[in-house]
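Dear colleague,

My notes on what was found follow it.

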Amino acid sequence: MSASADLGPGRPGPEGTRRRSPLWRRVLRSPRGGFGVVVTTLLVVLGALAPLLAPTDPFAIEGPPLSAPSRANPFGTDALGRDLLSGVIFGARTSLLVAVTVALIVVVIGAAVGLLAGYVGGWVDDVLMRVTELFQVLPRFFLALVVIAFFGPGIDRLVLVLGITSWPLLARVLRAETLSLREREFVEAAEVIGSSQRRIMLREILPNALPPGIALLGLVVAQVILIEASLGFLGLGDPDVTSWGALASEAQRFLRVAWWLSLFPGLAILLAVLGLNLLGDAVTDALSGRR
Amino acid sequence: MTRGYVLRRILQLVPTAAAILLVGFLLIHLAPGDPVLALAGENGDAEYYALVREKFGLDEPLPSQLATYAGNILTGDLGTSYVLGRPVRDVIAERLPATLLLTSSALGISTILGIAGGVFTATRHRRGAATAVTVTTLAMYAAPAFLVGQLAILLLALRLGLFPVQGMSDARSSATGTAQVFDVAHHLVLPTLALAAQEIAAVSRLSHVALVEEMGRDHIRTARAKGLPERTVVLRHGLRRAMLPVVTVLGGRVGHLVAGAVVIEVVFGWPGLGRLLVTSMQSRDTPVVLGVFLLVAATVVVANLLTDLVYAWLDPRVRFR
């Protein structure tokens, strides 16, 4: 993300790159956007490089049980003597994995529904919007609970449920964008020269309609991270991986004796969600300022 | 409000309700293993499974199974919990009041404090206090409910001893009447605040944006030009229209609050539906899990309907869309 911000000044060349770079610079210039970019980058780096960055294996017994934060274990240890800092770093990996995969599903479904509803219109629009409303009303958290109750815990089904139920917001925004883009000259020009509907949707409309949707993705993914953490807290996460929610769940049993077990995983979630929210807000602001 | 609009909105419930029933039905049949396990839980004996098999017509073709399933649920029969040995409906009804008390107080508190927060930050920009409130709401919006709850227990209950740590009432006291009400209210404070935290932030942000926009309009300038005190301008003229977006999200907030209540009930040992749900998950008591899901889905749908009706009543333009 920050890499594309550096591209601009170095290359005075074509209009395209010069028009793109101010968006990121505007995002970075606001304190909120800067914070969002930094925290999101941190989340990605921690998640991607967890095995290199974590001092120990998150499941390895490293020190005395329930020891307070110290130089050896900066975040303290849990009831089995496992290093909490390593747990929090590996937890970032789980949150990142869930966030990225859910985001992919959300973009694919949201873009398809939004484009079709906005461009084709008519009864297709009516039906798709009804379906969108329905998915918006479905209680995601409880649906995920039912799926876990029937299929057992696991990241794969969790990602599927959250992805299949989290796209309505994106679809609505893309539909609105498509409706306004449909009337623009470049789309009419493409229609006049006889481009197929599919080509117009994918080549002309989608690239222009997608950015505001992608900006919203930060907010959608932040909520998904919170839901995943809540499920982990209830002991319904994937038992084979470390997650922030599962760590906080252990804290509940030792609340009277080990405050650090609650504080650090909780703060990690708070920071990640806050960062994604602020990044999403800043990108949305920067995009709407452009128009 | 036109009767046509109300009727149309109520009729729109039918496909939504059908879809929710269908989701439940599909999950039962997609689940690995025999659907009877999903319908009866994993703790029954062969005789009991045969009984359930017959009740839900599991040997018949799928469409007629769907009809039986929908018929059972629409007549209020949510099945039986083999673990608890009682109808799911009774088990849920027993736990419902505690959850209703928790969620409705959180809904009320978050509306009041959220609007107050929004008014504060919208009318006092440029001041340090407004910035502090803004930063606090940003953090509250991002904090997971269990962190807020656990920190509240650590600081306010364990450290300062202001509130009880767990439960809905003091087990040792045999208080009745007013004393009992006070006891429950005392236990209610922390769970309510922890549950409301995220919603307070959401409402405050929403009313802030709406109020800032509203305060730039002509009728506000007119009110100020008339020489009305700023307080009256904000509360009487600005806030009224700024309330509309707060109303539109009410339905969605009910869904958030009920989901949050599950976590908060576990943190505070609150004896409501959330704790029931979690223990049922642990004992693989699927009829209860499915029953709670259907109840929550129905509640959210009805809450959305009520929200739309209130909105249409407040803003007549909606009715003629």
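Chain B has 14 helices and two strands. Please bear in mind throughout that this is a predicted model. The C-alpha trace of chain B spans about 80 × 55 × 40 Å along its principal axes, and of the 321 residues in the chain, 38% are buried. Among the contacts in chain B with a separation of 6 or more, 70% are between residues 24 or more positions apart.

The crossing of helix 6 of chain B with helix 9 of chain B is right-handed, and by class their contact has 18 nonpolar, eleven polar and one charged residues.

Turning to the contact between the chains, 32 residues come from chain A and 36 residues from chain B. On the side of chain A that touches chain B, at least two residues each are supplied by helix 6 (122-137), helix 7 (140-151), helix 11 (197-233), helix 12 (244-253) and helix 13 (259-290) of chain A. Helix 7 of chain A gives the most to this side, with nine residues. By class, the side of chain A that touches chain B has 26 nonpolar, five polar and one charged residues.

From helix 7 of chain A, the residues A:Phe142, A:Leu143, A:Leu145, A:Val146, A:Ala149 and A:Phe150 meet B:Thr286, B:Val289, B:Leu290, B:Phe293 and B:Val296 in helix 14 of chain B. By class, this contact of helix 7 of chain A with helix 14 of chain B has ten nonpolar, one polar and no charged residues.

B:Ser283 counts as partly exposed, because 15 other C-beta atoms lie within 10 Å, whereas a buried residue would need 20 or more. Leaving aside neighbours within four places in sequence, B:Ser283 is in contact with B:Asn43 and B:Val83. The C-alpha atom of B:Ser283 is separated by 30 Å from that of B:Ala196, and these two residues are 87 apart along the chain.

Elsewhere in chain A, helix 10 (residues 185-192) lies largely in the open, because the number of buried residues among its eight is zero. Just after helix 10 of chain A, A:Gly194 takes a positive phi of about 85 degrees.

A word on confidence is also in order. The pLDDT of chain A averages 85, and 92% of the residues score at least 70. Over residues 1-18 of chain A, however, the pLDDT is below 50, and this stretch has 15 contacts in the model beyond near neighbours in sequence.

With best regards

Definitions and conventions:
Residues are numbered from 1 along each chain as its sequence is written. Chains are lettered from A and ligands numbered from 1 in the order in which they are written. This is a predicted model: local features need pLDDT of at least 70, side-chain atom pairs count only at pLDDT 80 or more; totals for chains, interfaces and linings use all residues. Two residues are in contact if their C-beta atoms, placed from the backbone, lie within 7 Å. Helices (H or I, at least four residues) and strands (E, at least two) are DSSP runs, numbered from the N terminus. Ala, Val, Leu, Ile, Met, Phe, Trp, Tyr, Cys and Pro count as nonpolar, Asp, Glu, Lys and Arg as charged, and the others, Gly among them, as polar. A residue is buried if 20 or more other C-beta atoms lie within 10 Å of its own, exposed if 12 or fewer, and partly exposed in between; C-beta atoms are placed from the backbone. A crossing is left-handed if the near helix is turned anticlockwise from the far one by less than a right angle, and right-handed if clockwise. pLDDT is the predictor's confidence in each residue, from 0 to 100.
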